[in-house]
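Please work through the following exercises with the sequence and the model open beside you. Try each task before you read its solution.

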Amino acid sequence: MAQSQLSTKKQQELQQQYTTYKNNLQQLAERIGNVEQETEEHKLVLETLKPLPDSRKCFRMINGVLVERTVKDVMPALQTNWDGLRRVLDELVKQYKRQQEEMEKWKKKNNVQIVQQ
C-alpha cells in the first residue's frame with residue numbers, strides 16, 4: 001500500500017512537472033508569435049517608406065500619440081526598432097529550443113511517455 005501511494009505521488013509530481021514544461025513552451029511560443037508579427041509590421045513600414053523622398057511627411061505613433069515627422073526622421077528609429085526586434089526574436093527562439101531540449105532530457109531521465117498530446 002505504501003508503495004502504491006509513493007508511486008501515485010511520483011506520478012502526480014511528474015504530471016505537474018510536465019504541465020509546467022508545456023506551459024512554459026506555450027508562453028514562449030506566444031511571445032515568439034507576437035514578436036514575429038511586430039517584426040513583420042516594422043519590415044513592411046520600412047519597405048513602404050524606403051522609396052519615398054526624405055522630406056515627405058509621415059506620421060508615427062509614439063506612446064499612443066500620433067506625431068507628424070518626416071521620412072528622414074522616422075527611418076532610423078524604425079530600423080533600430082526592427083533590428084532590436086530581430087535580436088529579441090532570435091533570443092526567444094534559442095530559449096524555446098533550450099527549453100524543448102531540457103524537456104526531452106527530463107522525459108528520458110524520468111522515463112516519461114506521453115499518452116496524449
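The exercises below concern a predicted model, and each one is followed by a solution in steps.

**Exercise 1. An aromatic pair**

Find the aromatic pair in the structure, and decide whether it is stacked, edge-to-face or tilted.

*Solution.* A pair of aromatic rings is described by the distance of the centres and the angle of the planes. The structure holds one such pair. Its members are Tyr 21 and Trp 106, whose ring centres lie 5.4 Å apart and whose planes make an angle of 45°. Planes under 30 degrees apart would count as stacked and planes over 60 degrees apart as edge-to-face, so the angle of 45° makes this pair tilted.

**Exercise 2. The surroundings of Arg 86**

Which residue forms a salt bridge with Arg 86, and over the face of which ring does Arg 86 lie?

*Solution.* Begin with the salt bridge, in which Arg 86 is joined to Asp 83, with 3.5 Å between the closest N and O atoms. These two residues are three apart in helix α2, which means that about one helical turn separates them. Next, turn to the ring: Arg 86 lies over the face of Trp 82, at 4.3 Å from the ring centre. Finally, consider accessibility, where Arg 86 has a relative value of 38% and Asp 83 a value of 26%; Arg 86 is therefore partly exposed, and Asp 83 is likewise partly exposed.

**Exercise 3. The other salt bridges**

The structure has three salt bridges in total. Besides the bridge of Arg 86 with Asp 83, determine which side chains meet in the bridge of 3.6 Å and in the bridge of 3.4 Å.

*Solution.* The bridge of 3.6 Å, counted from N to O, is made by Arg 98 and Glu 91. Arg 98 is partly exposed at 44% relative accessibility, and Glu 91 is partly exposed at 40%. The bridge of 3.4 Å is made by Glu 104 and Lys 107, which both lie in helix α2, three residues or about one turn apart. Here Glu 104 is partly exposed, with a relative accessible area of 36%, whereas Lys 107 has 12% and therefore counts as buried, since the limit for that word is under 20%.

Notes:
Residues numbered from 1 in each chain as written. Predicted model: local features only at pLDDT ≥ 70, side-chain atom pairs only at ≥ 80, totals over all residues. Heavy atoms only, no water. Phe/Tyr/Trp six-rings, centres within 6.5 Å; stacked < 30°, edge-to-face > 60°. Lys NZ or Arg CZ within 6 Å of the ring centre and 35° of its normal. Salt bridge = Lys/Arg side-chain N within 4 Å of Asp/Glu carboxyl O. Helix = DSSP H or I, 4+ residues; strand = E, 2+ residues; numbered from the N terminus. Buried < 20%, exposed > 50% of the residue type's maximum accessible area, 1.4 Å probe, protein only.
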